[in-house]
Amino acid sequence: MKAEIHPDYHTIKVVMTDGTEYETRSTWGKEGATLQLDIDPSTHPAWTGGQQSLMDRGGRVSKFKKRYEGLGI
């Protein structure tokens with residue numbers, strides 16, 4: 001590996017919306033910085049198993065469903 005091309009890897013504090021805090025190592029910010037997150041495991045659908053929704057932009061989903069409706073998708 002080349003010397004002097006990698007970012008600084010240091011300790012930061014992460015604070016989630018529910019107030020949970022933990023320390024981790026990251027290349028984000030400066031040493032000792034605090035990263036405020038807008039999500040946490042108690043509210044985000046990726047962790048809670050929440051309902052997903054498809055956004056139909058420009059009718060793409062509708063076109064796909066119409067094209068392949070006979071296949072039972």
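Author: Ser-26 sits in strand β2, which covers residues 21–26. A strand here is a DSSP run of E with at least two residues, a helice run is one of H or I with at least four, and both are numbered from the N terminus. The model is predicted: local features need pLDDT of at least 70 and side-chain atom pairs count only at pLDDT 80 or more, while totals for chains, interfaces and linings use all residues. Residues are numbered from 1 along each chain as its sequence is written, and side-chain values use heavy atoms, with hydrogens and water left out.

Reader: Why is Ser-26 called buried?

Author: Its relative accessible area is 16%. Buried means under 20%, exposed over 50%, and partly exposed in between, with a 1.4 Å probe and protein chains only. The value for Ser-26 is 16%, so Ser-26 is buried.

Reader: Which residues are in contact with Ser-26, leaving aside neighbours within four places in sequence?

Author: They are Asp-8, Tyr-9, His-10 and Ile-12. Contact means heavy atoms within 4.5 Å.

Reader: What does Glu-23 contact beyond four places in sequence?

Author: Glu-23 is in contact with Thr-11, Ile-12 and Lys-13. Between Glu-23 and Thr-11 there are 6.7 Å from C-alpha to C-alpha, and the two are twelve residues apart in sequence.

Reader: How many aromatic pairs does the structure hold?

Author: The structure holds one. In that pair, the ring centres of Phe-64 and Tyr-68 are 4.9 Å apart and the planes stand at 50 degrees.

Reader: What makes the pair of Phe-64 and Tyr-68 tilted?

Author: Rings of Phe, Tyr and Trp (its six-membered ring) pair if their centres lie within 6.5 Å; planes under 30 degrees apart count as stacked, over 60 as edge-to-face, and the rest as tilted. The planes of Phe-64 and Tyr-68 are at 50 degrees, so the pair is tilted.

Reader: Why do Phe-64 and Tyr-68 count as partly exposed?

Author: Phe-64 counts as partly exposed because its relative accessibility is 44%. Tyr-68 counts as partly exposed because its value is 31%.

Reader: In what order do the elements of the chain run?

Author: From the N terminus on, the order is β-β-β-α-α, with three strands and two helices in the chain. Of the 73 residues in the chain, 10% are buried.
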